[in-house]
Amino acid sequence: MEREILELLMLERTREPLSPGRRLREFQLKIQRIKNGEDVEIAGFLLGRKPPNAPRDAAYYLLSPLSPSELAGLGRDEFRTYLVIRATEGTRVSGNVRPGSYVVVNGIADAYRWGNLRMIHAASIEGRDYSEYWKDYREFALSRREVVDLFERTIYVRKDMMKALIYSLYGVPYILWGSEAPQWGEGFEYTVYKYGENMGLLALWKALKYFQSSLPWEVRLRKETVLEIIDPALDIDFRIRNPNWTDMRYYTPSSRRGLVRVPKWSEGHIVNKRAIGLLPRDVEANPTDPLAKISETPFVLMPWEEKPYFEENREFRQLIPNLLVTIFINRERYLSMSHEELSRLRDEHLKWRRWGRREYRETFEKLTTPSGVLHLGMRFYLDSRLFGAITRFYGKVTDRAVKDVREIDDTILNEWSLFFDELVKKRPEVIMELEKEYERYIPYDVRAQKALRIFHDLVSTSPLGEVTREEFLSELLKNGFNERDALNLIEKFIATGYIYEPFPGKLILIR
């Protein structure tokens, strides 16, 4: 009896996978029910090849209900279905329409002269975003709990790294920032460095490769941009370009060489955040590494931690389409974020800075110089991007997202500070470089150091990179300065070149 109850509970928990077979059946039923002469609107992927025995009175193309990778993945004897599109000079074409594009076709239904194919006399063909292909199946979306369970039963890493991995998959909403900030896309960098000869990094790479290999071709960042498909029934071959023009493409190195150096063909996508990089780095952690400085989550894998690993999971692979439905729906909810939505994150970020200075003292200051991995001029921008990815996961702005950013920041700071002590012995030249930079940016007077640090915190957490005189003065008074000393320090900073006043009342930090 107990066994039957457990089986029932498992069935209750199991989510129905969104399979290509279901899409094919629904598409076939739809075109079978359409009557000749009836107005119809239908979506699919434009294959860009003529159907068999196509007349010469117009342009004829095939439309598939499946994405290129799903079509290529069908077995030789598996069911396939297509719709013939007839386009003339009067057909309106809009958007990005090319072989492989996801399109919506409007027109009049008709029979086709060969076999049992149906046809549409197209009045319009409109290119649509690839994400709409997944958003049409909202009922297959996974809950947050289901997403977490799916990964926890497949890929095994410590809790904070697992959370960051899941958040990275959702990409980053557009955030309006100052002109000095990089104009990045929706991409995210989940970067993990090794500490010494920690072979756990290779295990993490294999786990991330397992995830990426489970994804459709369209959402994997690959060097090859064209997919070749052969239809055994029609004896037609297709060359199809990737229909996914979004930044929601996932990259992890395909060979061990890519763990040391990002290949040139993918470097621009990663650095400009035009893809989601899952990047195990088989190099010693270095606080001045350029990739670490632009990564939302630059973790260091410690040698005493349990090594990551993964388990082959049939359910995981089956539910990848459901996961993509979930990701693209949540992406639609948060395509952008406003400054107001970042306000509570700013308060927590400033608390983190005060805590870091108190707990790690000079180590924190050196790690947060402009050349350091946690450089404060960039860190709040990266935290805002991490916050945006977490908000997409939750589907709304929550205090939980702020807390998650703080927990991840605490972990990253702790890992780099532990490694920093080891770096003093191994790479003293790196430490000396950070020390010189720290001294160059900080005045010798203790009170001036404190005041300038306060200004730096304010300006580096301002999306526009500027602070008003009133705001700076108010913060100095809150931190124990009297009004006369505070006003004198502001004028001194402007006179000595630490702060620039481009127009009255607005202050900018000179880096």
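Student: In which sense do strand 9 and strand 13 pair, and over how many bridges?
Tutor: First, this is a predicted model: local features need pLDDT of at least 70, side-chain atom pairs count only at pLDDT 80 or more, and totals for chains, interfaces and linings use all residues. Residues are numbered from 1 along each chain as its sequence is written, and side-chain values use heavy atoms, leaving out hydrogens and water. Helices (H or I, at least four residues) and strands (E, at least two) are DSSP runs numbered from the N terminus, and two strands pair if DSSP finds at least two bridges between them. Here, strand 9 (residues 188-194) and strand 13 (residues 276-284) are parallel, with seven bridges. Thr191 faces Leu279 in strand 13.

Student: Which strands are at the edges of the sheet?
Tutor: The open, parallel sheet has four strands in the order 12-13-9-14. Strand 12 (250-251) and strand 14 (297-301) are the edges, each pairing on one side only.

Student: How is the aromatic pair of Tyr102 and Tyr133 arranged?
Tutor: Rings of Phe, Tyr and Trp (its six-membered ring) pair if their centres lie within 6.5 Å; planes under 30 degrees apart are stacked, over 60 edge-to-face, the rest tilted. Tyr102 and Tyr133 are edge-to-face, at 5.7 Å centre to centre with 65° between the planes. Tyr102 sits in strand 5 (residues 102-111) and Tyr133 in helix 4 (residues 131-135), so their pair ties together parts 31 residues apart in sequence.
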